[in-house]
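Here is a short briefing on one structure.

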Amino acid sequence: MGVLELNSRCKVPRLDLELSSGCDHRCAHCYNVWNALEGEPQGGYPRGQLPTAEYLAMVEKAIRQSGATHLTITGGEPLLRKNALEIIERTCALVESVLLITNGSHVSMATAKRLATAGVRSVQLTFLSATPEEHDRLKGARSFDDTVRACMNLHDERIPVQACFVATNQNWHDFPCVIELCLALGIRSIVYNRMSPAGWAVNRLADLLPEVDQVRANLEAAEKLGRRWGIRVVTAMPIPPCLIRAVEFPWVQFGFCSTGTSSPNLVIDPMGNVRSCNLSRTILGNIVHQDWAEIMRNPYPREFRRRVPDACRGCEHAQSCQGGCKESAFAVMGDLRHQDPFVALARAPGGRSRGQSPRLRVLSEHDLD
């Protein structure tokens, strides 16, 4: 069977391109696999990046062989990479739409103009609080003013802006004010992420992992304020229906793990390594050295879909929900069959107060049985 014939059966409409592993912010909730400590389940992920010419050749090959029509440019912080704008301009010429995810500290007026000329469809900026001091504390960098300035620069060039809010135990109560801030800034779309620990965040469970009631309160705010002001809210991290029923929040668009679907959102790192999602450290192959069809034959995604947590077996939503974020379960416990930490905390709500280590005691083998 030829490569072209295999490609027709392995089409992936969306790809995430990680331009750089570096970042000048120090978000406590950061899930980047490069930040996982040695000895952790995700530890030891390879670093490095291809030279620009080789990177562009890799991207063209990936798009051609996968049939992707949409790219998300991310990192680390993508705009820290030398020639990042050149890469973004080239990707815009290769696909129908490009979304840039950036921390907001590097979008000058000149950068916004180049992004607009290239044809970037939208840019996602993170707001962790509507209070500058709190946003900067959670970001580990003075960045609130930069992010607002980036938003204004992008608006001047008529590039739509999405806001991203990552809900943790420390900032969930700020979400209604962030929605109001978005209204003031002219932002009409919010990506709501409840924290899914991976990377170095696995050691911040006790103080960052949100609780179900906190996420529910955020969704109630999204339903009320988002509908009132015409601000669309989308959840990116899965929220299992056994904890919160999506039908209660018709204004909110709920997302689930794409790895568990027939249309995965695959990720390509700066060296051409392909993974099943941003939180995963499992490398499916390398598009520089392999054809896409060969990478798509890797058994990991199929094994991933089969490994539904025991507690979820028999549930009518088991296949669509996949038990929440299983990559987060792996990052914390080293096994895809364990419960998503968010679900585990919900099953034993006293676990936070019983935490005796960087990880919650609720995530012990005993509590997961």
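Alanine 236 touches Val191, Tyr192, Asn193 and Gly255, leaving aside residues up to four places away in sequence. Contact means heavy atoms within 4.5 Å. This is a predicted model: local features need pLDDT of at least 70, side-chain atom pairs count only at pLDDT 80 or more, and totals for chains, interfaces and linings use all residues. Residues are numbered from 1 along each chain as its sequence is written, and side-chain values use heavy atoms, without hydrogens and water.

**Alanine 236**
- Alanine 236 sits in the loop between strand E7 (232-235) and strand E8 (252-254). Strands (E, at least two residues) and helices (H or I, at least four) are DSSP runs, numbered from the N terminus.
- Alanine 236 is partly exposed because its relative accessibility is 38%. Buried is under 20%, exposed over 50%, partly exposed in between (1.4 Å probe, protein chains only).

**Helices H7 and H9**
- Helix H7 (residues 175-185) packs against helix H9 (residues 212-229) at about 20°, with axes 9 Å apart. Axes are lines fitted to C-alpha atoms over the stretch in contact, and angles run from 0 to 180 degrees between N-to-C directions.
- H7 and H9 are therefore roughly parallel, a term for angles under 35 degrees.
- H7 contributes Phe175, Pro176, Ile179, Glu180 and Leu183 to the contact; H9 contributes Asn218, Ala221, Ala222, Leu225 and Trp229.

**Cysteines**
- The structure holds 0 disulfides, a disulfide being a pair of cysteine sulfur atoms within 2.5 Å.
- The closest cysteine sulfur to that of cysteine 23 is in cysteine 27, 6.3 Å away, so too far for a bond.
- Cysteine 315 is in no disulfide; the nearest cysteine sulfur, in cysteine 242, is 6.4 Å away.

How values were computed
Angles under 35 degrees count as roughly parallel, over 145 as roughly antiparallel, 65 to 115 as roughly perpendicular and the rest as oblique.
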